[in-house]
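Hi there,

Here is the structure I promised to pass on. Have a look at it first, and then read on for what I found in it.

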Amino acid sequence: MNIRGAEAVMRCLTEEGVTTIFGYPGGAIMPVYDALYDFKEQINHILVRHEQGAIHAAQGFARTSGKVGVCLATSGPGATNLITGLADAMIDSTPVVCITGQVASHLLGTDAFQETDVIGISMPVTKYNIQVTRAEDIAPAMAKAFYIAATGRPGPVLVDITKDAQFGMVDFTYEKCHSIRSYIAKPKLDHKGIEAAVDLLSTAQKPYLLVGQGVILSEAQDALVKFAEKSGIPVALTLLGLGAFPADHPLYVGYLGMHGNYAPNILTNECDVIVAVGMRFDDRVTGDVSRYAKQAKVIHIDIDPAELNKIVKADVAINADAREALEELTKSIPERKYAQWLQQFRDLEQIELNEVVNDVINPPDNELKMAEVVDLLSKKTDGQAIVVTDVGQHQMIASRYYKYKGYRNNITSGGLGTMGFALPAAIGAKLGNPEKTVVAIIGDGGFQMTIQELGTILQAEIDVKILILNNNFLGMVRQWQQLFFDRRYSFTEIVNPNFTAIAKAYSVDASKIEQRLELDEALDQMLNSKGAYLLEVVVQREENVFPMVATGASVSEIRLN
Amino acid sequence: METTFNISVFTENSIGILNRITIIFTRRHLNIESITASECEIKGVYRYTIVLNTTLDQVKKVVSQIEKQVEVLKAFYHTDEQVVYQEIALYKIRTDAFTNGTTEKIIRDHHARILSVDKDFMIIEKTGQPEELTHLFDELNVFGVLEFVRSGRVAISKPMKTLEAYLEELAENHR
């Protein structure tokens, strides 16, 4: 079959089972868009309003579907607009393939119109990238891209295709990539490591499971439940790990990190053996590393060998797929229960309930608090909705008070902390799992960073519920200014537009509430609406998120107020 | 404590991999002392020798980040004691400076070689360790060195395991 390179791109996508892509056309990608015109039946292309929206949508799609997210952009500014999303996907291990158009190969390096060195620019924020200058190289490059993006520790891959390669003719054949000699997709399970871990655990009095997104990525949720139940070890989750273990499980002890729960942070410095699975000891989890779990032996399981011994020295480092390792551990671990140890978590949890949680879920004063909104949403959706969050106070509140019970239903920008992530990611999240209700919880600041994607929601008729928690502040920065910068509110107060009017201009139904009395009905209306809906909830202006592990503090110094 | 490490990296022959490797240093605010690259004993596999002054902890992390790159086959680090290393230097001096007799003795004493002689200038080559190359430079410079250039370090580790053995291990991993 002798076809143009541009059509080869389409055929590569269908060969890889891609049915949804996100993109924005432009000069250097026009041949591919022309080919797409003939593939409209097979490939649902979502026209975004900005390339950053395309990649965040692709990320959301990947995170809810477990498939590779795909986006298309043109050269120059189209490609550079992808960079934030690439960095986000890189640090949060999200499988994404970006296809960018490039000026014709004879123009490379000439400062041609819309030429940019996207390979150079994207190198630090991609797992792999490649420039293709000949039509016959497109298929192998695409096969490699999908393989690399999806396997091992997943990540973003960028394929930059020159315009002459898109126009060039090729006898198309497609061979999926199954291995690359310089790349280990799945390390061999090290049985010595497993034995050493079992040994350590056999004498443990206060073992503790710290679980991250690796468990979700390797689809190890069931394996984790089995391991936890047999071993009796309490389970705490990282921000991206939320959803990896059911929030209503008796062994679940909470959420780790700077604004996490009280007990799991404090008891990190009291446990005797840590089993860290698919997590990377991010500084938001560890606080001051020099005072982090020094008393504990550490078993660290991760598919990325570079994560082992990177931040926390592991007594037993196991370079493995999380599911394989957990299944293997479950076989050899004795059945145990740690009632007293678990009770320590429950006792501290009670303190957090009394001193923080009860006050924000059932506030004594009139103003609405973010936590009560999220709490009610969690109850109304039974923890089963896909919750997409942006970055800031609302994100921490959502992570604290939404009781994730579903599968792949926590979508947030963790490592990079990308404001503006949620709205486009929610679009992708819905397309990645159309059966589920998708609620994007967004602050008033972050919403305006990618507000243009309301246009995508309008045109593609995406059913996402947008819940704006509006405090008319860039709240997290304001909180830090209050606590650590002497209340000098430097440029964090924000004058907002009429959000509901904007939504309505995009034909998105919308309402705004300011009173507690209206909350229940407003959430019902949002959840029961047909199609997209925006609910703006005006919340207390200067609410702080607690507990909090301040910068430089140890996890055991977590503050309740 | 900072010491000198010799990092050996084996990569596929592809555009951009050098950049991917150097980015790892830049991002950590590490200065590369020297870097050389060429094809190794296996066709199509490129070998980089990178010299870095840093701590053991940091070099371990850097090497695992290098190895994480898709097109890197293997990366190692060694201290100076664990490798045999050399550099090559070229010196350009005036031909008339050679006729004084002293220069000839210097070249003999240093086991340097004369590569080329022109009416006006001559090129001298010396292979050795950095101090030896500098020493020769200092002695020649008494009569004026017109140009001086030094390669980066090349190093071979003393342990015997061959790259092929590692490649076989890698292949085995692709069950």
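A definition to begin with: helices (H or I, at least four residues) and strands (E, at least two) are DSSP runs, numbered from the N terminus. Counted this way, chain B has six helices and nine strands. Please keep in mind that the model is predicted: local features need pLDDT of at least 70, side-chain atom pairs count only at pLDDT 80 or more, and totals for chains, interfaces and linings use all residues. Residues are numbered from 1 along each chain as its sequence is written, while chains are lettered from A and ligands numbered from 1 in the order in which they are written.

**Chain B overall**

The C-alpha trace of chain B spans about 65 × 35 × 30 Å along its principal axes. Its radius of gyration is 20 Å, whereas a compact globule of 175 residues would have one near 16 Å. (The radius of gyration is taken over C-alpha atoms, and the globule rule is 2.2 Å times the number of residues to the power 0.38.) The domain assignment gives domain 1 (3-83) and domain 2 (84-150) in chain B, with bounds that come from an automatic or database domain assignment. The C-alpha centres of these two domains of chain B lie 31 Å apart.

Of the 175 residues in chain B, 27% are buried. A residue is buried if 20 or more other C-beta atoms lie within 10 Å of its own, exposed if 12 or fewer, and partly exposed in between, with C-beta atoms placed from the backbone.

**Helix α2 of chain B**

Helix α2 of chain B (residues 56-68) has 13 residues, which at 1.5 Å a residue should span 18 Å; the end C-alpha atoms are 18 Å apart, which agrees. The expected span is 1.5 Å times one less than the number of residues. Which residues of α2(B) are buried? They are Val59(B), Val62(B), Val63(B), Gln65(B), Ile66(B) and Lys68(B). An α-helix has 3.6 residues a turn, so residues three or four places apart point the same way. The cover over the buried residues of α2(B) includes β1 (3-12), α1 (17-27), β3 (45-54) and β4 (72-79) of chain B.

Two strands pair if DSSP finds at least two bridges between them. Strand β5 of chain B (residues 83-94) has these antiparallel partners:

- β7(B) (residues 121-128), over eight bridges; here Ile88(B) has Thr127(B) as its bridge partner.
- β8(B) (residues 145-150), over five bridges; here Leu90(B) is partnered by Val149(B).
- β9(B) (residues 154-157), over four bridges; here Gln86(B) stands opposite Val154(B).

**Where the chains meet**

In chain B, 18 residues are in contact with 19 residues of chain A, where contact means that the C-beta atoms of two residues, placed from the backbone, lie within 7 Å. On the side of chain B that touches chain A, the elements that give two or more residues are α1, α2, β4 and α6 (163-173) of chain B. By class, that side of chain B has six nonpolar, six polar and six charged residues. Here Ala, Val, Leu, Ile, Met, Phe, Trp, Tyr, Cys and Pro count as nonpolar, Asp, Glu, Lys and Arg as charged, and the others, Gly among them, as polar.

**Chain A**

Chain A has 23 helices and 20 strands. Its radius of gyration is 24 Å, close to the 24 Å that the globule rule gives for 561 residues, so chain A is as compact as a globular protein of that length. Buried residues make up 57% of the 561 in chain A.

The assigned domains of chain A are domain 1 (2-171), domain 2 (191-345) and domain 3 (368-538). The C-alpha centres of domain 1 and domain 2 of chain A lie 37 Å apart, and their contact takes five residues from each of these two domains of chain A.

**Backbone details to look at**

- Phe546(A) and Pro547(A) are joined by a cis peptide bond, with omega about 0 degrees; Pro547(A) is in the segment after β20 (533-538) of chain A.
- Asp111(A) has a positive phi, near 60 degrees, in a residue other than glycine. Asp111(A) lies in the loop between β5 (96-102) and α6 (118-122) of chain A, and is exposed, with 8 other C-beta atoms within 10 Å.
- Phe491(A), also not a glycine, has a positive phi of about 55 degrees. Phe491(A) sits in the loop between α21 (475-484) and α22 (499-505) of chain A, and is exposed, with 9 other C-beta atoms within 10 Å.

Best wishes
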